[in-house]
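Please brief me on this protein model. Cover helix packing, pockets, backbone geometry and selected residues.

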Amino acid sequence: MTTFVPAEDKKYMQLAISQAGKACQMGEVPVGAVLVKEGRVLAQNCNRRETSDDATAHAEILVLREAGQRLGGWRLEDTTLYVTLEPCPMCAGALVLARVKRLVFGAFDPKGGAAGSLYDIPGDIRLNHRLEVISGVMEAECAALLKDFFRKKRSGKQGPADC
């Protein structure tokens, strides 16, 4: 868990939290992601699995796709991905394949996290690329979004106005 958080990391994590709020308003699990290179936001998005009927429409994947199109290539070297929830195995693998330099995430996912909790794909020395992982950035805020969403969903009181 991170104790000192640089202002720049807080700034971009706040953007990711904003994206997570948009996901919640669409009835999606509130996860948001932002990809940054040299102080410039390349892409930002949120989970869209339900609204797109696409199991791969995680915030991280959508951001990687958009940035690749914007830059004209799949290699996203020297970028930092900010995401509100620890990436799953699919997303962590995509970060490795895209050559992302740094991952900054908020809430841990003990049941499915692949950046230190359940697996450590970004740090696996058997892979051809490893990335720096900074965990627990604005963790309380990120975790609260998820806890509130699922608590309201279980109680049947989850709607766009509840986000």
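The briefing below starts with conventions and then goes topic by topic.

This is a predicted model, in which local features need pLDDT of at least 70, side-chain atom pairs count only at pLDDT 80 or more, and totals for chains, interfaces and linings use all residues. Residues are numbered from 1 along each chain as its sequence is written, and side-chain values use heavy atoms, with hydrogens and water left out. Helices (H or I, at least four residues) and strands (E, at least two) are DSSP runs numbered from the N terminus.

**Helix packing: H1 and H5**

- Helix H1 spans residues 7–25 and helix H5 spans residues 139–155; their axes come within 10 Å and cross at roughly 5°.
- Axes here are lines fitted to C-alpha atoms, for helices over the stretch in contact, and angles run from 0 to 180 degrees between N-to-C directions.
- That crossing makes H1 roughly parallel to H5. Angles under 35 degrees count as roughly parallel, over 145 as roughly antiparallel, 65 to 115 as roughly perpendicular, and the rest as oblique.
- H1 brings Met13, Ile17, Ala20 and Cys24 to the contact, and H5 brings Glu141, Cys142, Leu145 and Phe149. Contact means heavy atoms within 4.5 Å.
- By class, the H1 contact with H5 has 7 nonpolar, no polar and 1 charged residues. Ala, Val, Leu, Ile, Met, Phe, Trp, Tyr, Cys and Pro count as nonpolar; Asp, Glu, Lys and Arg count as charged; the others, Gly among them, count as polar.

**Pockets**

- A pocket is an open set of points on a 1 Å grid over the protein atoms alone, where a 1.4 Å probe fits, with protein on both sides within 12 Å along at least five of seven lines; lining residues have an atom within 4 Å of a point.
- Grid points are joined across faces, edges and corners, and a volume is the space filled by probe spheres set on the points.
- The largest pocket has a volume of about 270 Å³.
- Its lining consists of Leu85, Ala107, Phe108, Asp109, Pro110, Lys111, Ala143, Leu146, Lys147, Phe150 and Arg154.
- H5 gives the most to the lining of the largest pocket, with 5 residues.
- The lining of the largest pocket divides into 7 nonpolar, no polar and 4 charged residues.
- The second largest pocket holds about 180 Å³.
- Val29, Val31, Asn47, Arg49, His58, Glu60, Leu85, Glu86, Pro87, Cys88 and Asp109 line the second largest pocket.
- By class, the lining of the second largest pocket has 5 nonpolar, 2 polar and 4 charged residues.

**Positive phi**

- Most residues other than glycine have a negative phi.
- Asp78 has a positive phi, near 60°. Asp78 sits in the loop between helix H3 (59–71) and strand E3 (80–85).
- Asp78 is partly exposed, at 48% relative accessible area. Buried means under 20% relative accessible area, exposed over 50%, and partly exposed in between (1.4 Å probe, protein chains only).
- Arg99 also has a positive phi, near 65°. Arg99 belongs to the loop between helix H4 (89–97) and strand E4 (102–107).

**Helix H4 and Ala92**

- Cys91, Ala92, Ala94, Leu95 and Val96 are the buried residues of H4.
- The cover over these buried residues includes H3, E3 and E4.
- Ala92 lies in H4 and has a relative accessible area of 0%.
- Ala92 and Ala115 are 23 residues apart along the chain, with C-alpha atoms separated by 6.7 Å.

**Other residues**

- Thr84, in strand E3, is buried at 0% relative accessibility.
- Not counting residues up to four places away in sequence, Thr84 touches Met13, Ala16, Ile17, Ala20, Pro30, Val31, Gly32, Gly106, Ala107 and Cys142.
- Gln19 of helix H1 counts as buried at 6% relative accessibility.
- Leaving aside neighbours within four places in sequence, Gln19 is in contact with Gly32, Ala33, Gln44, Asn45 and Cys46.
- The C-alpha atoms of Gln19 and Ala43 are separated by 11 Å, at 24 residues apart along the chain.
- Gly156 follows H5 and is exposed, with a relative accessible area of 63%.
- Gly156 and Tyr12 are 144 residues apart in sequence and 32 Å apart in space, C-alpha to C-alpha.
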